[in-house]
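This briefing is meant for a reader meeting the structure for the first time. It takes up strands and sheets, then charged pairs, then pockets.

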Amino acid sequence: MSHYSGPLLTRADADALASARDADATTWTGSLDLGRSEGVAQLGPTQWQWAGLAYPYPDRLKDRTLYYWDGDDFVAVSRFSGSLIKLVPTSWGVPTFEIDGIKMLPTSKESPLDDARRKVALVEPRGKTVLDTCGGLGYFAACCLDAGVGRIVSFEKNDDVLWLRTINPWSPDPDAPSSGGRLQLTHDDVSQAVTMLPDASMDAILHDPPRFGIAGELYSQAFYDQLARVLRRGGRLFHYTGSPNKLTSGRDVPREVEKRLEKAGFKAQLALDGVLATRR
């Protein structure tokens, strides 16, 4: 799927365009790709131009929602296929996404891209072949590419999440020159696809699964055994777990993960908001 290249609007962006017009300005300067770049919009009474194309001034935009131009109107970057999946703006510019209102990436203290960068650094991806089990918006992959990864093999099960990636300017495009052919993105369920990967074919693994209640198979002993099989000896794995409240969940998920990884053949320890493990 090709990546969207038109303007992305938040409510604040739409208000800024309208306010500039109402103040009799003929141009507005800002970013309409979530902070990746800046440009100049030419303002008219009923339309504004961006990158040579004309758009109407939108109205009634909602907070916490991103809008893209579908050829006829500005519509929310969301889809409903059994669950409502939505790209959500943040104060950092880099967006997160939600599934049925549940935020899938941490954003309260830092950009989700900066959060991903700290985790990726734990597996030292430069020059390595890395397995990215649950690609999501691709922030792990983007950080690996920036860090000089040799090759990254990424899986994403959800078709709607893959569509969000084509709208999000911060999601890496496997076909872009900047990726250099190093990113292989596959629409597949990694719990099944991992069984087809060769033994010791990966130098590092990044595992960022949905929470346990949604994707318990990605926390299973059988899956961890497969991760151990495809990772070379001495290779590192970072497994995001989050910090579920033991008092409400009744479980200590990070410690459970640590024990299962140890049983699979890793030396594991808690790190950041997950578990860092090394293949023995």
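Predicted model: local features only at pLDDT ≥ 70, side-chain atom pairs only at ≥ 80, totals over all residues.

Strand β3, which covers residues 39-43, is joined to strand β4, residues 47-50, by two bridges, and the two strands run antiparallel.

**The four-stranded sheet**

- Leu43 has Trp48 of β4 as its bridge partner.
- The two strands belong to an open sheet of four strands, in which the order is β2-β3-β4-β5 and the pairing is antiparallel.
- At the edges of this sheet stand β2 (27-30) and β5 (53-56), each of which pairs on one side only.
- From one strand to the next, the twist of the sheet averages 30°.
- Helix α1, made up of residues 11-22, packs on this sheet and touches β2, β3 and β4, while its direction makes about 50° with that of β3.

**The three-stranded sheet**

- Another open sheet is formed by three strands in the order β1-β6-β7, again with antiparallel pairing.
- Because β1 (8-9) and β7 (74-76) stand at the edges and each has a single partner strand, one side of each is left without a neighbour in the sheet.
- Two bridges pair β1 with strand β6, residues 67-69, in the antiparallel sense, and the bridge partner of Leu9 in β6 is Tyr67.

**Salt bridges**

- Side chains of opposite charge can pair when their charged atoms come close.
- A search of the whole structure finds 18 salt bridges, and one of them brings together the side chains of Arg79 and Asp160, with 3.6 Å from N to O.
- This pair links distant parts of the chain, since Arg79 lies in strand β8 (residues 78-80) and Asp160 in helix α4 (residues 159-167), 81 residues apart.

**The largest pocket**

- The largest pocket holds about 1200 Å³ of space, and of the 50 residues that line this pocket, the closest to its centre are Met104, Asp208, Pro209, Pro210 and Arg211.
- Two or more lining residues come from each of the elements β10 (96-99), β11 (102-103), α2 (112-121), α3 (139-146), β13 (151-156) and α5 (190-193).
- Among these contributors, α2 supplies the largest share of the lining, which amounts to four residues.
- Sorted by class, the lining of the largest pocket has 25 nonpolar, eleven polar and 14 charged residues.

**The second largest pocket**

- About 380 Å³ of space lies in the second largest pocket, which is lined by 20 residues, and the closest of these to its centre are Arg36, Pro169, Ser171, Pro172 and Ser178.
- Helices α2 and α3 each supply at least two residues of this lining, and α3 gives the most, with three residues.
- By class, the lining of the second largest pocket consists of eight nonpolar, six polar and six charged residues.

Terms used
Residues numbered from 1 in each chain as written. Heavy atoms only, no water. 1 Å grid on protein atoms, 1.4 Å probe; cavity = no way out; pocket = protein on both sides within 12 Å on 5 of 7 lines; lining within 4 Å. Points joined across faces, edges and corners; volume = space filled by probe spheres on them. Nonpolar A, V, L, I, M, F, W, Y, C, P; charged D, E, K, R; others polar. Pairing = 2+ DSSP bridges. Axes fitted to C-alpha atoms, helices over the stretch in contact; angles between N-to-C directions. Contact = heavy atoms within 4.5 Å. Salt bridge = Lys/Arg side-chain N within 4 Å of Asp/Glu carboxyl O.
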